[in-house]
Amino acid sequence: MTDIKSKDKLYIANTYSRLPVEIARGKGSLVYDTDGRRYIDLGSGIAVNTFGVCDEEWIKAVTEQLNAVQHTSNLFYSEPCATLAEILCKRTGMKKVFFANSGAEANECAIKAARKYGEEKKGKDCYTIVTLYNSFHGRTLATLAATGQDVFHERFRPFPSGFVYADANDIESVKKLCSENKVCAVMFEPVQGEGGVMPLDVYFVKELYAYCKEKDILLIADEVQTGNGRCGKLYDYMNYGIAPDIVTTAKGLGGGLPIGACIMGEKCADTLTYGDHGSTFGGNPAAAAGALSIINRIDEKLLKGVIEKSEYIFGELSSADGIVSVSGRGLMIGIKTEKPVKDVQSECIKRGVLCLTAKDKLRLLPALNIPFGLLKEAVSVIKRVCAEL
Ligand SMILES: *Cc1c(COP(=O)(O)O)cnc(C)c1O
């Protein structure tokens with residue numbers, strides 16, 4: 001471990017602060033470090049390992065594809081990515097998919113589609129995109145500009161222009177920006193993840209949907225983190241009874257391999273045309289085959305389990321000692337602790353439970369199929385740490 005630590009420090013760019021564990025292997029929701037210590041994983045590689053580590057069906061799907069062909073480029077037809085697109089469209093009622101390799105890239109595609117749509121429908125200066133304060137949409141320059149948190153903007157100017165920020169849960173703030181600017185789209189996360197696991201109000205999202213529809217402004221749901229069963233439905237917008245024009249996703253879709261998707265509805269499915277966008281790796285056959293095995297198992301039974309486990313966590317932790325509040329939806333949960341969250345996180349690690357953080361909260365993003373027994377064990381550790389620290 002000390003070897004790896006010093007090599008990492010010497011050769012890896014300083015952009016990450018690592019937790020003091022080297023995960024060497026795992027199975028399901030259990031991971032083991034290089035000394036063979038066991039941890040219950042409540043982070044899933046930041047909501048990526050949808051069915052945990054070394055999920056057999058996913059490995060089978062990916063390796064079968066690897067044994068056929070690992071990459072073709074988008075110059076050729078490829079079955080896994082066509083079938084994945086078909087399933088995503090059928091299960092959302094949307095029309096076309098562009099595949100990328102990450103959440104930020106999925107959002108870049110959505111931004112380009114929205115701008116072209118705006119220009120075609122309302123003229124050249126209709127390019128502004130409204131996003132929400134406290135949002136997070138990625139690390140590329142455009143998606144950073146879309147991110148409504150000043151901390152991300154400090155050192156990297158100039159940004160692409162054309163992004164303005166409204167207050168979350170305040171429809172009047174959105175309407176004001178839409179009257180002051182020529183707006184082509186509004187982009188939001190149903191649950192603001194990096195912003196501290198804050199679900200948007202149902203009333204606000206419904207109003208937003210109605211307003212955008214009325215004004216022919218595209219509604220973009222950034223479901224990079226909330227999607228793929230995480231919040232108890234296939235996509236979290238379904239919990240609001242709305243239909244966005246674009247849904248972007250990544251993280252859990254790939255089950256551990258990089259893939260992002262920009263799923264476009266009726267209005268803008270044909271906005272992007274030949275030459276408008278592209279990606280060398282986007283829709284890579286191995287990643288797409290893995291994603292197919294994930295999406296095909298996100299069914300009613302699994303989602304029922306997600307909701308039951310969520311209710312269990314809320315029930316156990318909401319009024320526990322040392323815990324101020326619990327927020328989130330499904331298996332995307334934020335816990336505001338009385339003690340500093342970094343201390344709580346490191347004490348949990350010492351006691352064999354891996355949790356993430358988001359702002360000042362402990363963040364839980366367990367695998368959707370985490371066995372109840374392991375979840376109970378992990379929750380009782382969190383409970384004890386919060387009470388005793
Ligand atoms: C993680 C995340 C992104 C960025 O995804 P990357 O794959 O890291 O580029 C964008 N939006 C939301 C809501 C996210 O949670």
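What is the volume of the second largest pocket? About 790 Å³. This is a predicted model, in which local features need pLDDT of at least 70 and side-chain atom pairs count only at pLDDT 80 or more, while totals for chains, interfaces and linings use all residues. Residues are numbered from 1 along each chain as its sequence is written, and side-chain values use heavy atoms, without hydrogens or water.

**Stop 1: the pocket**

Select Asn74, Val97, Phe98, Phe99 and His277. Of the 26 lining residues, these lie nearest the centre of the second largest pocket. Next, colour α4 (79-92) and β4 (96-100), the elements that give two or more residues to this lining. Helices (H or I, at least four residues) and strands (E, at least two) are DSSP runs, numbered from the N terminus. The lining divides into 13 nonpolar, 9 polar and 4 charged residues. Here Ala, Val, Leu, Ile, Met, Phe, Trp, Tyr, Cys and Pro count as nonpolar, Asp, Glu, Lys and Arg as charged, and the others, Gly among them, as polar.

A pocket is an open set of points on a 1 Å grid over the protein atoms alone, where a 1.4 Å probe fits, with protein on both sides within 12 Å along at least five of seven lines; lining residues have an atom within 4 Å of a point. Grid points are joined across faces, edges and corners, and the volume is the space filled by probe spheres set on them.

**Stop 2: the cores**

Select Leu42 and Ile382. Of the 81 residues in the largest nonpolar core, these two touch the most other members. Helix α12 (residues 372-388) gives this core its largest share, 8 residues. A second, separate core has 28 residues, including Ala100, Phe159, Met187 and Leu218. A nonpolar core is a set of buried Ala, Val, Leu, Ile, Met, Phe, Trp, Tyr and Cys residues joined through side-chain atoms within 4.5 Å. Buried means under 20% relative accessible area, exposed over 50%, partly exposed in between (1.4 Å probe, protein chains only).

Now show what surrounds Leu42. Its contacts (heavy atoms within 4.5 Å) include Val353, Arg363, Pro366 and Ile382, leaving out residues up to four places away in sequence.

**Stop 3: the cysteines**

Select Cys109. It is buried, at 0% relative accessible area. Its closest cysteine sulfur, in Cys262, is 3.7 Å away, too far for a bond. A disulfide needs two cysteine sulfur atoms within 2.5 Å; the count is 0.

**Stop 4: Tyr209**

Go to helix α8 (residues 202-215) for Tyr209. Tyr209 is partly exposed, at 22%. Beyond four places in sequence, Tyr209 contacts Leu219, Ile242 and Ala243.
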